[in-house]
Amino acid sequence: MSDNTAAKELNQEVSLSGEEVSSGATGEVLISVKDLKKHYKGDIHALDGITTDIRKGEVLVIIGPSGSGKSTFLRSLNLLERPTDGTITFEGTDITAPETDINKLRMKMGMVFQHFNLFPHLTILDNMTLAPRKLLKMSKPDAEAKARELLKKVALEDRAEAYPSQLSGGQKQRIAIVRALCMSPDVLLFDEPTSALDPEMVGEVLDVMKDLAKSGMTMAVVTHEMGFAKEVGTRVIFMDEGKIVEEGTPKEIFDSPKNERLQAFLAKVL
């Protein structure tokens, strides 16, 4: 991974509260997506008219088969993928408009990827404080104090001076999450955050995400972890062939699926 690739993802943060606060949408629309399309050469429609809203405090879980457009949709929300057509409005600003400063808006949209994207030559503490110091102009003592407090929340305070190569996959992903939190984002986007982990490490990462949901963090999560979708999601979207085929509460999606394609998918994964 190049430094440029990792730097592209360093746009994040919010305090990880230990309080048992029930998550749930407040009604205020944070992100509005209208008729979003992404076409590639060869008439490939990765996204074929996605329309949905993500509300403040919501935990939106996006499921579907491989190649259904899930990750393309998620990455489009902060323009890591540039849509071919349609609009994305974030906190009242059309981020697809040419004049929009997307880098400024990305600072409010944390992103957590499959493969951590930590700088290998920096300590964990330096990985976490780089973006707040460079982008938010935080002082080094303030940035380090916040980073250490977040590390404590995920039981990794003793790894502050370690390097990424000295951590397990689960530890690296927990670091990637709290690094995102160091920028106090208004929403966190998760692109299959457990898919690169050994099975025994998945639980420790999902526990951190559950705590975030309880704290009221707005989240959009692409995942194959159906248990997480059932337990933590406030709304579930099922995608296939670049479209939203069905959406609803976890109970509606998993207990009473209406669409035949969703029924077939769940029969294979549950």
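This is a predicted model: local features need pLDDT of at least 70, side-chain atom pairs count only at pLDDT 80 or more; totals for chains, interfaces and linings use all residues.
**Stop 1: strand β9.** Select residues 235–240, which make up strand β9; 6 of its 6 residues are buried. Display the side chains: R235, I237 and M239 point one way, whereas V236, F238 and D240 point the other way.

Stop 2: Between β9 and β10 lie the 2 residues of a hairpin, and E241 in the turn has a positive phi of about 55°.

**Stop 3: from β9 to helix α10.** Select F238 together with F265. The aromatic pairs come to a count of 1. The ring centres of F238 and F265 are 5.2 Å apart and their planes stand at 45°, so the pair is tilted. Because F238 belongs to strand β9 and F265 to helix α10 (residues 260–269), the contact ties together parts 27 residues apart in sequence. Both F238 and F265 are buried.

Now select D240 and R261, whose salt bridge has its closest N and O atoms 3.1 Å apart. D240 lies in β9 and R261 in α10, so this pair ties together parts 21 residues apart in sequence. D240 counts as buried at 14% relative accessibility, while R261, at 34%, is partly exposed.

**Stop 4: a salt-bridge network.** Select E58, R235 and E247, which are linked in a network of salt bridges. The structure holds 11 salt bridges.

**Stop 5: the open sheet.** Turn to the 4 strands arranged in the order β2-β1-β4-β5, with antiparallel pairing. β2 (44–55) and β5 (93–94) stand at the edges with a single partner strand each, so one side of each has no neighbour in the sheet. Strand β1 (residues 29–40) is joined to β2 by 9 bridges; V33 has T52 as its bridge partner in β2.

Stop 6: Select K37 and D35, which meet in a salt bridge at 4.0 Å, N to O. K37 is partly exposed at 23% relative accessible area, and D35 is partly exposed at 36%. Finally, select K38 and E81, whose side chains also form a salt bridge (4.0 Å, N to O). This pair links K38 in strand β1 with E81 in the loop between α2 (70–76) and β4 (85–90), 43 residues apart. K38 is buried at 12%, and E81 counts as buried at 19%.

Key: Residues are numbered from 1 along each chain as its sequence is written. Side-chain values use heavy atoms; hydrogens and water are left out. Buried means under 20% relative accessible area, exposed over 50%, partly exposed in between (1.4 Å probe, protein chains only). Two strands pair if DSSP finds at least two bridges between them. Rings of Phe, Tyr and Trp (its six-membered ring) pair if their centres lie within 6.5 Å; planes under 30 degrees apart count as stacked, over 60 as edge-to-face and the rest as tilted.
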